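Subject: A structure for you to explore

Hello,

Here is the structure I promised to pass on to you.

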Amino acid sequence: MHAAVIAATGLYTPAEWVTNAELVEAFNAFVEIHNTRHAAKIAAGEVEALAPSSVEFIEKASGIKSRYVMNRSGVVDPEVMHPLIPERSNDELSIMAEIGVAAAKDAIARWGKDASHIDAVVCAASNMQRAYPAMAIEIQEALGIDGFGFDMNVACSSATFGIKTAADYIATGSARAVLVVNPEITSGHLNFRDRDSHFIFGDVATAVIVERTDQAVGGWDILGTRLKTVFSNNIRNNFGFLNRTAPGSEGAADKLFVQEGRKVFREVVPMVSEMIVTHAADLGLDPTALKRLWLHQANINMNDLIGRRVLGREPTAEENVIILDEFANTSSAGSIIAFHRANEDFEPGETGLICSFGAGYSAGTVFVRRR
Ligand code: CO8
């Protein structure tokens, strides 16, 4: 069995972004149009009047201030309210693969080796733009990697599940180095007309190179990886290839992201806190001695609570890294952005935790130590 390290990470950030004020302005203009257009039916009680959104609510309830998006013009147009992403021909790199390749190139440059040392590509994300050929194989082709690749989806936990899969391939000798790519175009599946969730997500891509320890220079020892899933209906994406087959349906219905945010909050915080503390104990680690938590980035209040439960004190900003104010929830990429952005100050031997949680429910813990 071979031990594995996180050898390098990479980040792609879209060039366009939308602030809360801009998003709320678009949402409230849509509400105004809706309520005016349907005034008679609203008065007759046949259609429900929509309520406006507010910047203050969004920031207080979530901690989110802005988000990057692949396309801004569609998102802020009250008559459109989704990103406008032109379809590409089969001969062009798909947009998911394109941003995945950009993040992967950043990781490969930081690694200092070339792509020929990579044997496998895992594209791990919460949405795939098509069923096949796999985005991972497209990314593999674009980077000239000789080996194998496949897509996997575990919603917000896709990156940690991908890292564990990579570490297991390293352990069993299936690969010397694995590229895990997380292209998250969440805006494509977010209902920008839903007051409860229109502000939640952002777009980004991250990449992680997991490598055999005996071939690595520097990086982060992976001390332990653990995965957990518990079925829940509280976060759902019912879009799928069978939608068009439902009797009475006219083609695939527009089934977007839905959640019971309060319930998710209440149920996931204890589940994840307990998982972290137990996994740390099983590895012989004192969770209160961790230098840093790079948690999934969905909600600042969730991260504050989990941080307190794990560290046993009020965590400082350095101990509990928050990037969701700038990026919003980028699904699987969130904890990787946090790790990528805030790890330079670690001394050899210092330990931290990458942790994801989200739909499924799913959660993943990856304890790492600076080499
Ligand atoms: N503006 C003003 N007021 C609002 C708004 C708004 N936009 N939205 C709701 N309100 C009002 C409500 O009507 C309610 O009013 P009242 O009290 O009068 O009924 C009040 O504000 C409180 O509403 P909530 O209870 O819903 O507010 P919360 O404090 O719970 O905050 C959150 C809502 C921010 C959603 C919070 O519950 C949360 O973040 N929960 C955790 C969610 C989470 O972690 N989800 C993970 C999902 S991600 C995942 O795993 C899958 C990723 C897949 C990718 C997705 C691609 C799209």
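Predicted model: local features only at pLDDT ≥ 70, side-chain atom pairs only at ≥ 80, totals over all residues.

Residues are numbered from 1 along each chain as its sequence is written, and side-chain values use heavy atoms, with hydrogens and water left out.

**The whole chain**

The chain has ten helices and 13 strands. Helices (H or I, at least four residues) and strands (E, at least two) are DSSP runs, numbered from the N terminus. The C-alpha trace spans about 70 × 55 × 40 Å along its principal axes.

Of the 371 residues, 52% count as buried. Buried means under 20% relative accessible area, exposed means over 50%, and partly exposed is in between (1.4 Å probe, protein chains only). The chain exposes about 16500 Å², and carbon and sulfur atoms supply 51% of that. Accessible areas come from the Shrake-Rupley method with a 1.4 Å probe; for residues, only the protein chains shown count as cover.

Contact here means heavy atoms within 4.5 Å. Among contacts in the chain with a separation of 6 or more, 77% are between residues 24 or more positions apart.

**Around the ligand**

Which residues come nearest to the ligand? Of the 28 residues around it, they are Cys 156, Gln 259, Arg 262, Asn 299 and Ala 359. A residue is near a molecule or strand if one of its heavy atoms lies within 4 Å of it. The residues of this shell divide into twelve nonpolar, 13 polar and three charged.

Now look at the polar contacts. These are pairs of N or O atoms within 3.5 Å; within protein, one must be able to donate a hydrogen and the other to accept it, and residues adjacent in sequence count only if both atoms are side-chain atoms. A polar side-chain atom of Gln 259 lies 2.8 Å from a nitrogen atom of the ligand. A polar backbone atom of Gly 261 is 3.0 Å from a ligand nitrogen atom. Asn 299 places a polar side-chain atom 2.7 Å from an oxygen atom of the ligand. The protein covers 76% of the 1200 Å² of accessible area that the ligand has on its own. Helix H3 (55-62) and helix H7 (261-282) are the elements that give two or more residues to the shell, and H7 gives the most, with three.

**A closer look at Asn 299**

Asn 299 sits in the loop between strand E11 (292-295) and helix H8 (300-311). Is this residue buried or exposed? Asn 299 counts as buried because its relative accessibility is 11%. Its side chain also reaches the backbone nitrogen of Asn 301 at 2.7 Å. Leaving aside neighbours within four places in sequence, Asn 299 is in contact with Ala 61, Ser 62, Phe 265 and Leu 324.

Most residues other than glycine have a negative phi, and most peptide bonds are trans. The peptide bond from Tyr 132 to Pro 133 is cis, with omega near -5°, and Pro 133 lies in the loop between strand E4 (120-124) and helix H5 (135-143). A cis peptide bond also joins Gly 360 and Tyr 361, where omega is about -5°.

Ala 328 has a positive phi of about 65° although it is not a glycine. Ser 331, not a glycine either, has a positive phi of about 50°. Ala 328 is buried at 0% relative accessibility, and Ser 331 is buried at 2%. Ser 331 lies in the loop between H9 and H10.

Enjoy looking around!

Best wishes

Terms used
Nonpolar A, V, L, I, M, F, W, Y, C, P; charged D, E, K, R; others polar.
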